[in-house]
Amino acid sequence: MAATLNKATTTSPYLGKYLSGLVIDLESGQTIWSHQASVRRLPASSQKVVTALAVLNSADTNSRLVTRVFQNNQAPNELVLSSEGDPSLGATRLKAGAAVVAARLLEQGLTTVQLSVDSSYFPEPTPAYGWKSSYLRSEVQLVRGVALAGYRGSDASMAAGRVLAGYLKPLGVT
């Protein structure tokens, strides 16, 4: 992957001298690739392409971004919505998931639950250096482990939780 990114920095008329970045293996903390990492830049679509390339080159082809609803074994009325950063987590998928969750809860005789959202798969989101506050929520959403696709509000994680809760209610689970 580093060779591919290095080639992009030397051969692309669009990236080259305007590209800076740092790719770190989160498990080991090892730097995989670095180019002008100390040079701060505003976000741009070209940076997204480089990021996507880094992810695709480092991920196993069988990798999936998984979204789950966990039930606490010690307190069965406690549920946790958790995800690994699935960008396609939308209302349709939450509705389908709610049907499965509600059926299992009702089999257990549970009609009232406490739903929490666990967005800890990624660190707490922060804006990039140099971003205008107007970028957030109008143009750019903070990256979260759980996020409702297409949501443009202050907390996409809680929005996903509210949508799931909303789909559970008509199925008999509040």
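## Sheet

In this predicted model, strands 4 and 5 pair in the parallel sense, over five bridges.

Three strands make up the open sheet, in the order 3-4-5. The pairing is mixed. Strand 3 and strand 5 (114-118) are the edge strands, and each pairs on one side only. Neighbouring strands are turned by 20° against each other on average, direction ignored.

## Helix 4 across the sheet

Helix 4 lies across strand 3, strand 4 and strand 5. Against strand 5, helix 4 runs at about 150°.

## Helix 3

Helix 3 has 17 residues. From first C-alpha to last, helix 3 reaches 24 Å, close to the 24 Å expected at 1.5 Å a residue.

Its buried residues are Leu94, Ala98, Val101, Ala102 and Leu105. Viewed down the axis of helix 3, these buried residues fall within an arc of 105°, so they line one face of the helix. An α-helix has 3.6 residues a turn, so residues three or four places apart point the same way. The buried residues of helix 3 pack against strand 3 (67-71), strand 4 and helix 4. Thr92, Arg104 and Glu107 are exposed, on the face of helix 3 turned away from its buried side. Just after helix 3 comes glycine 109, with a positive phi of about 80°.

## Nonpolar cores

The largest nonpolar core holds 17 residues. Leu94, Leu105, Ala160, Leu164, Leu168 and Val173 touch the most other members. Strand 4 (78-83), helix 3 (91-107) and helix 4 (156-168) each supply at least two residues of this core. Helix 3 gives the most, with five residues. A second, separate core has six residues, including Leu5, Leu19, Val50 and Ala54. In soluble globular proteins, nonpolar side chains tend to be buried together.

## Contacts of valine 173

Which residues does valine 173 touch, leaving out those up to four places away in sequence? Its contacts are Ala102, Leu105, Leu106, Leu110, Thr111, Val113 and Leu168. Of these, Ala102 and Leu105 are among the buried residues of helix 3. Leu105 and Leu168 are, like Val173, among the residues of the largest core that touch the most other members.

Definitions and conventions
Residues numbered from 1 in each chain as written. Predicted model: local features only at pLDDT ≥ 70, side-chain atom pairs only at ≥ 80, totals over all residues. Heavy atoms only, no water. Core = buried A, V, L, I, M, F, W, Y, C linked by side-chain atoms within 4.5 Å. Buried < 20%, exposed > 50% of the residue type's maximum accessible area, 1.4 Å probe, protein only. Helix = DSSP H or I, 4+ residues; strand = E, 2+ residues; numbered from the N terminus. Contact = heavy atoms within 4.5 Å. Expected span 1.5 Å × (residues − 1). Arc of directions from axis to C-beta. Pairing = 2+ DSSP bridges. Axes fitted to C-alpha atoms, helices over the stretch in contact; angles between N-to-C directions.
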